[in-house]
Structures are given as C-alpha cells and as structure tokens.
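Here is a short briefing to read alongside the model on your screen.

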Amino acid sequence: MGDRERNKKRLLELLQAAGTGNSHCADCGAADPDWASYKLGIFICLNCSGVHRNFPDISRVKSVRLDFWDDSTVEFMTHNGNLRVKAKYEARVPAFYYIPQANDCLVLKEQWIRAKYERQEFMADGKTISPPGNREGFLWKRGRDNAQFLRRKFVLLAREGLLKYYTKEEGKGPKAVISIRDLNATFETEKIGNPHGLQITYRREGHIRNLFVYHESGKEIVDWFNALRAARLQYLKTAFPELPESELVPLITRNYLKQGFMEKTGPKQREPFKKRWFALDPQERRLLYYKNPLDAFEQGQVFLGSNEQGYDVYEDLPKGIRGNRWKAGLTIITPERRFVFTCPSEKEQREWLESFQDVLSRPLTPLNLLGGGTEEHHRSWA
Ligand SMILES: [Zn+2]
C-alpha cells in the first residue's frame, strides 16, 4: 500500500475513533464529516469547510477522501481532533450564546466559526468580552402592511427587560415597547428572503405579533440575536430562580419545529378548503396559521395538549370529507373538536404527522400550564 492509500486509511479510521468527537462536525455537529482543517486539527462538514476557506491565516481545509495527506499532517490530526480542539476554542462559551446545529442557516454557522477561531472569543485565555447588556442600532424592518423594508432604530434595555423600536430617529416615542418576557427570535432566512433574516415574535392582546428584520452585516444580526438571548436568560433567571441554568437555556429562544403550506377547512368541515401558512411552535405547543407566511399576526392558533389529555393526530381525512386540490390528509383531534388539513405532498404529510406526534407525545411542562405568561402565573410556578 502506498503512502497515499495508507494515510487515507488512517484518516478514515481517525474519523471513527472513540473519544475523539471526530464522527461529528466540530462546528455544527453534522454526522460523518469528510473535510478537515489541517491547520486547526479538526474534522468538519462540507458546509463549514466553506466558511473556513474564508480565513486562510487561521484555517486551511482539505478533503479527507479526495486530497493528498502526508505523514506529518495525519500525525497532527491524530494529536488534535475535534474534542481536544473544542476544549481549547470553546472553553467558555456563554450560556446564552446560540451554538448552531447542522440544520441552522449559514449566517449562524459563519459567525460561530468566526467568533471561535478568528476572534477567539471563547478561549480560556482570550480577551474578556463583556456580556451584551444594552444594545442600540438600526435594523431593516419589513413594513406591517407592505413588503418594503425600512430602516428602524431598535433599543434593547436588558435590565429592564424591554426591546423598543422607533419609526423616527428623533422626537416621538417608540412605535412598540416589547417585553423580553414574551419575546422569541429565530432566523428565518428562506421565509424572509434574506440570508440574514430574523423573525422576532411577541405577544400582543392574545395574538402573536411577528416582526421581520435583517442587517447587511452577518455579525451585526447575530450579535443582535445573542444580545436578545442574553436578555432573555437574564429574565428567566429572575423569573425562575429555583431552576438551574441548564433547564433555562432551552427556553431562551426556540425554532419552529415545522412550517409550510397546508389547506384547511372550517369548524363544520363543510367549508371549502383554503390554503394557509402554518407554523408549529413546539415549546408553546401551538399551531399558528397565517394567510401569508410574512403576515404580522396569525389568523388563528390551536393549542396542542398531550396524548394523555386526549389529543391525537391521524394520517387521513374523516369519512365523507374531501380536500380541494390536495389529497394527503391530516386530522388533529382535540377534546373540543377536530381539525382537518390537506398537505401538498405525501412527503409534507409525513413530516407534519411526525412533527405533531412529537409534540403530542411530550408531557406538558409547568411552563405550558402557565399558558398566558402573566406575572401571577410565573409566581404560581414554584
Ligand atoms: Zn458543519
């Protein structure tokens, strides 16, 4: 066996070696990475390798399978590897900081990788970075009733637990004062149609208000996101002092479990099926629906309890009910009524079914039982 073949074999073994963490991308956790940064000594996925290429002073990438590896480079990879290098570059990632996963958008991964290796923000002996705290700046915000994005000033007051935005720079008061308590933020680049698109939601008069914003700079928008997360964690710590931080971290922000178009009929199930945009919030256990994906408010929402409470979902339509254009049906049973949907394809039907089953099979958390999230409710959860 020549050097080339022998070294490739050693690398492939190294990818599977126990206790190295090499079987998952060092940056996003994707399974079976087959690229590597031979300057940092880590195995990464194709997507993350694309980000690493942008800073050759710090990282150099090669394909495990396609490129030539000499003895000394294989030796270097053996002595480093994902877990060891992560211990160095992720020594002190703040609890609020969002660590992207394989299915997250590029801007999150890019900024995570840059913060880690280029700015070295999380190294044990790196320079101390003050927690985000207050923040002020401009974001492009989508108009409520039109598709135009306008420059708006946003002010985050972390200690007060408030996010404000202004339509005018001077003079008038804020257009909205949003409580951090009711706020969520999630990157929605495809839906918003911008690689830095962020969706901010909050409760308003029993509805969920959506704001869609972006910033030209990937760093700015991810810094905003993490500043909102830091403020959320600070709020959660005061609201639930009895809970350990590890239980609060998953509650900081949440992503939709599934979104997409389905058609729905009304309560009598004789109404014509209409196409709507649906979003499933797994933490609040709510299925929200909208006329259009970027509407400011939902048209309606369904609370999804648990199987134990009599909630269920079926992969077809009740007898005698026919969809409009779409045939792949779904029926959700709640103690009050049933909800009937059709999906644009069998693949969508399967994904929705699995997502609903996932939520319905989870027992209700004390936080779900709070429902509205008023101050009294929070106090009663002890
Ligand atoms: Zn990756």
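**Pockets and cysteines**

Four elements, β8 (184–187), α6 (189–192), α7 (218–239) and β11 (258–264), each give at least two residues to the lining of the largest pocket. Please keep in mind that this is a predicted model.

**The largest pocket**
- The space in the largest pocket comes to about 1,100 Å³.
- Its lining is made up of 34 residues, and Y98, N103, D104, N255 and Y256 are the ones nearest the centre.
- Sorted by class, the lining of the largest pocket holds 17 nonpolar residues, along with nine polar and eight charged ones.

**The second largest pocket**
- About 470 Å³ of space is found in the second largest pocket.
- Here 19 residues form the lining, with F96, E121, I129, S130 and P132 lying nearest the centre.
- Helix α7 supplies the largest share of this lining, four residues; α7 also contributes at least two residues to the lining of the largest pocket.
- The lining of the second largest pocket splits into nine nonpolar, four polar and six charged residues.

**Cysteines**
- If you are wondering about disulfides, a search of the whole structure finds zero.
- For C105, the closest cysteine sulfur belongs to C48 and lies 12 Å away, so the two are too far apart for a bond, given that a disulfide needs sulfur atoms within 2.5 Å.
- C105 has a relative accessible area of 16%, so this residue is buried.
- C45 also counts as buried, because its relative accessibility is 9%, and the cut-off for buried is under 20%.

Terms used. Residues numbered from 1 in each chain as written. Predicted model: local features only at pLDDT ≥ 70, side-chain atom pairs only at ≥ 80, totals over all residues. Heavy atoms only, no water. 1 Å grid on protein atoms, 1.4 Å probe; cavity = no way out; pocket = protein on both sides within 12 Å on 5 of 7 lines; lining within 4 Å. Points joined across faces, edges and corners; volume = space filled by probe spheres on them. Nonpolar A, V, L, I, M, F, W, Y, C, P; charged D, E, K, R; others polar. Buried < 20%, exposed > 50% of the residue type's maximum accessible area, 1.4 Å probe, protein only.
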